[in-house]
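This report describes a single structure, element by element and contact by contact. Please view the sequence and the model together while reading.

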Amino acid sequence: MNHTIVMIPGDGIGPEVTGATRRILDACGAELSWIERHAGLAALENGSDVLLPEETLDTIREHGVALKGPCTTPIGGGFSSVNVALRKQLDTYAAVRPIRSLDGVKTRYEDVDIVVVRENTEGLYSGIENVITKGVITSLKVATEPACRRIAEFAFRYARSRGRKRVTAFHKANIMKLTDGLFIRCAREAHEARYPEIEYDEVIIDAGCMRIVRDPSGFDILLCENLYGDVMSDLCAGLVGGLGVTPGANFGDDANVFEAVHGTAPDIAGKNVANPLAMIMSAVMMLNHLAETRDDPSARAAAMRIRDAYNACIAARERTRDLGGSLGTSEFADAVINRLDA
Ligand code: ATP
């Protein structure tokens with residue numbers, strides 16, 4: 001079965017890590033065809049006059065699956081985030097970020113196995129900011145019942161389908177009584193009505209951060225609104241080796257975009273030093289998604305081959321420098337390809 005994948009190289013380290021990942025996918029026996037489309041500064045460089053061309057969105061809608069590098073988001077003025085706009089336009093409402101310890105990568109904790117489920121479409125990412133008067137600015141946090149319900153439903157459904165035990169909602173409903181209050185009410189209702197076998201609890205986010213860095217073992221699925229999910233993803237990435245090893249997927253009803261948690265990392269862009277593993281792991285999530293939704297066992301087999309190959313590389317200390325190794329981005333991809341048949 002052949003699957004058409006929309007490849008969006010993105011900006012900064014995006015072209016390097018997506019290029020390395022594509023070489024591995026092409027070598028692993030997965031039957032994939034690629035269509036390249038652009039977003040971010042790369043779109044402007046490729047002749048578009050907007051950062052997120054309609055053609056890119058339409059191509060993803062048509063084929064349903066994209067593998068995406070990070071796009072530049074300037075801080076302060078300029079334009080609003082292309083990554084956020086893409087998620088909103090495609091309504092990929094659920095971000096899933098698995099955070100797992102890698103065998104042989106020494107960190108403070110062993111056997112971390114957490115999944116951050118992040119609401120992707122609203123909260124403070126509404127982008128609605130107003131100057132009330134000189135020196136007074138507001139930023140609007142939006143919570144809607146349909147969006148709170150569907151992300152809660154997604155988290156419990158995901159827990160059940162993966163045999164996971166517990167969903168923990170991270171919130172600040174003691175302060176944001178209406179918005180975060182709605183978020184946890186929807187989570188409670190979903191739990192009580194349809195998922196009684198999954199354990200459910202709630203933590204106030206500041207106390208939750210403290211607990212998770214002291215002992216991550218009690219956590220399983222973290223259900224977060226948009227901003228908390230953004231912060232918790234990076235915090236949890238720090239538990240297992242950093243942004244170079246933290247993959248992600250954005251799921252919607254009509255489109256699914258697989259992208260690493262990290263951004264464009266301009267400090268290391270163009271130097272062939274970025275770790276492509278987070279993007280490779282995102283591609284493995286993509287293959288597993290294809291296997292599940294399109295009933296294609298060969299995609300699952302390809303995913304397992306890639307996972308076995310990168311695990312073997314890590315175990316043999318064939319690593320990029322963020323993990324204490326000396327390989328460049330493309331050399332790490334070569335090492336994974338060399339081990340595909342091993
Ligand atoms: P953006 O503005 O696009 O979010 P950023 O540099 O602020 O970019 P990240 O790209 O998420 O944020 O990364 C923060 C830092 O983590 C980077 O500056 C880089 O040093 C490191 N980093 C991120 N991704 C990787 C990677 N794949 N490999 C190695 N280091 C990485």
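Arginine 100 and aspartate 113 form a salt bridge, their closest N and O atoms lying 3.2 Å apart. The term denotes a side-chain nitrogen of Lys or Arg within 4 Å of a carboxyl oxygen of Asp or Glu. Arginine 100 belongs to strand E4 and aspartate 113 to strand E5 (residues 113-119), so the bridge ties together parts that are 13 residues apart in sequence. Helices (H or I, at least four residues) and strands (E, at least two) are DSSP runs, numbered from the N terminus.

Arginine 100 is partly exposed at 42% relative accessibility, and aspartate 113 is partly exposed at 33%. In this scheme buried means under 20% relative accessible area, exposed over 50% and partly exposed in between, with a 1.4 Å probe and protein chains only. Salt bridges link Arg100, Asp113, Arg164 and Asp220 into a network.

## Basis of the description

The model is predicted: local features need pLDDT of at least 70, side-chain atom pairs count only at pLDDT 80 or more, and totals for chains, interfaces and linings use all residues. Residues are numbered from 1 along each chain as its sequence is written, and side-chain values use heavy atoms, with hydrogens and water left out.

Ten strands form an open sheet of mixed pairing, in the order E2-E1-E3-E12-E11-E4-E5-E10-E8-E9. Its edge strands, each pairing on one side only, are E2 (32-36) and E9 (199-204). From one strand to the next the twist averages 25°. Two strands are taken to pair if DSSP finds at least two bridges between them. Strand E1 (residues 3-8) pairs with strand E3 (residues 65-68) in the parallel sense over three bridges, and valine 6 stands opposite alanine 66 in E3.

Helix H9 (residues 277-293) lies across E1, E2, E3, E4 (94-100), E11 (249-251) and E12 (256-258), and runs at about 175° to E3. Axes are lines fitted to C-alpha atoms, for helices over the stretch in contact, and angles run from 0 to 180 degrees between N-to-C directions. Contact means heavy atoms within 4.5 Å.

## Further salt bridges

The structure holds 24 salt bridges. One of them joins arginine 166 to aspartate 201, with the closest N and O atoms 2.8 Å apart. This pair links distant parts of the chain, arginine 166 in strand E8 (residues 166-171) and aspartate 201 in strand E9, 35 residues apart. Arginine 166 is partly exposed, with a relative accessible area of 23%.

Glutamate 318 and arginine 339 also meet through their side chains in a salt bridge (3.0 Å, N to O). Glutamate 318 lies in the loop between H10 and helix H11 (329-338) and arginine 339 in the segment after H11, so this bridge ties together parts that are 21 residues apart in sequence. Glutamate 318 is partly exposed, with a relative accessible area of 24%, and arginine 339 is partly exposed at 25%.

## Aromatic contacts

A search of the whole structure finds seven aromatic pairs. Among them, phenylalanine 154 and tyrosine 158 are stacked, at 6.2 Å centre to centre and 20° between the planes. These two residues are separated by about one helical turn because they are four residues apart in helix H5 (residues 145-161). Phenylalanine 154 and tyrosine 158 are both buried. Phenylalanine 156 and tyrosine 200 form a tilted pair, with 5.9 Å between centres and 55° between planes. Phenylalanine 156 is buried at 0% relative accessible area, and tyrosine 200 is buried at 16%.

Rings of Phe, Tyr and Trp (its six-membered ring) pair if their centres lie within 6.5 Å; planes under 30 degrees apart count as stacked, over 60 as edge-to-face and the rest as tilted. Ring pairs link Tyr93, Phe154, Tyr158, Phe251 and Phe258 into a cluster.

## Loop residues

Threonine 92, in the loop between helix H4 (82-90) and E4, is buried at 1% relative accessibility. Leaving aside residues up to four places away in sequence, threonine 92 touches residues including Arg87, Asn120, Phe251 and Asn256.

Asparagine 272, in the loop between E12 and H9, has a positive phi near 60° although it is a residue other than glycine. Asparagine 272 is partly exposed at 28% relative accessibility.
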